[in-house]
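These notes are meant to be read beside the sequence and the coordinates. They go from charged pairs to overall composition and then to aromatic rings.

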Amino acid sequence: MKKLLLIAVMLIASSLTFAQAKFEVEAYANFDKYKENNSKLGLPMENENRVVFMGNSITEAWVDKRPEFFNENNFIGRGISGQVTNQMLLRFRADVIDLKPKAVVILAGTNDIAQNSGYVSVPEIAKNIFTMAELADYHGIKVILCSVLPAIDFPWKRGLEPAPKIIELNELIKKYAADKHFPYVDYYSAMVDDAGGLKVPDYTSQEDLVHPNVNGYEVMEKLVTPVIDEVMGE
């Protein structure tokens, strides 16, 4: 009887732990951040070349630092600071598919490597990115995959040595993109320094090391714009 009671208590505790974890992941996915903006956007007009940029704080800050790039090109930023790829998956329908863009630019993986929601292996991170790509492709949305930006440290979580993992993840994304005939935008090679990080002070500050400055975003724009133009012309 005592054993059965103990098992029951353990099962209840396990269920509560799982429920709490699920709540925290969903809350952090921040479904409501773009809810009002998405509603105002509505469906695209005929021949509207709508492009959604899906990502984390690197994408979110891109919109803040270079608003003209988005406003002048009908590009829509859907980045949320701190997010990992499984959280992006939770909001992918609302923030990408339901907006019915012609293309989506996916830049993700930095926060997974930073272990923002705990340890995740590089192959699992890649699978989440691939799942986003396949969801978009299934719904007739052109997919543009991007390399993770270089980083040698995370100011908010020191000592993880992310550089080798970023290289590994980028190789997986690049190979997958080639296999699926999706365009791959290599920000990494254009912005990396000799130590495997984002160039300082060219593209980021010594205090940041992760998020590009205006010059960094301009480099990214020059790389992604012709790819978007090519995709739109297909």
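1. A salt bridge here is a side-chain nitrogen of Lys or Arg within 4 Å of a carboxyl oxygen of Asp or Glu. Lys175 and Asp179 make one through their side chains, at 2.9 Å from N to O. The two are four residues apart in helix H9 (residues 163-180), so about one helical turn separates them. Helices (H or I, at least four residues) and strands (E, at least two) are DSSP runs, numbered from the N terminus.

2. The model is predicted: local features need pLDDT of at least 70 and side-chain atom pairs count only at pLDDT 80 or more, while totals for chains, interfaces and linings use all residues. Residues are numbered from 1 along each chain as its sequence is written, and side-chain values use heavy atoms, with hydrogens and water left out.

3. On accessibility, buried means under 20% relative accessible area, exposed over 50%, and partly exposed in between (1.4 Å probe, protein chains only). Lys175 counts as exposed at 52%, and Asp179 as partly exposed at 49%.

4. Lys33 is in the loop between helix H1 (2-29) and helix H2 (35-41) and Glu60 is in helix H3 (residues 57-65), so the pair ties together parts that are 27 residues apart in sequence. Lys33 is partly exposed, at 34% relative accessibility. Lys33 also lies over the face of Tyr34, 5.4 Å from the ring centre; the criterion is NZ of Lys or CZ of Arg within 6 Å of the ring centre and within 35 degrees of the ring normal.

5. Which parts of the chain does the pair of Glu218 and Arg66 tie together? Their side chains form a salt bridge of 3.6 Å, N to O. Glu218 belongs to helix H11 (residues 214-232) and Arg66 to the loop between H3 and helix H4 (67-71), so the linked parts are 152 residues apart in sequence. Glu218 is partly exposed at 30%, whereas Arg66 is buried at 14%.

6. Beyond its neighbours within four places in sequence, Arg66 is in contact (heavy atoms within 4.5 Å) with Val214, Tyr217, Glu218 and Glu221.

7. For the protein as a whole, the secondary structure comprises eleven helices and five strands. Of the 234 residues, 44% are buried. Among contacts with a separation of 6 or more, 75% are between residues 24 or more positions apart.

8. Rings of Phe, Tyr and Trp (its six-membered ring) pair if their centres lie within 6.5 Å; planes under 30 degrees apart count as stacked, over 60 as edge-to-face and the rest as tilted. The count is 13 aromatic pairs. Phe53 and Trp62 are edge-to-face, with 5.3 Å centre to centre and 80° between the planes. Phe53 is buried at 1% relative accessible area, and Trp62 is buried at 1%.

9. Phe53 also pairs with Phe69: the centres are 6.1 Å apart and the planes at 80°, so this pair is edge-to-face. It links distant parts of the chain, with Phe53 in strand S1 (residues 51-55) and Phe69 in helix H4, 16 residues apart. Phe69 is buried, at 6% relative accessibility. Ring pairs join Phe53, Trp62, Phe69, Phe70, Phe75, Tyr187 and Tyr217 into a cluster.
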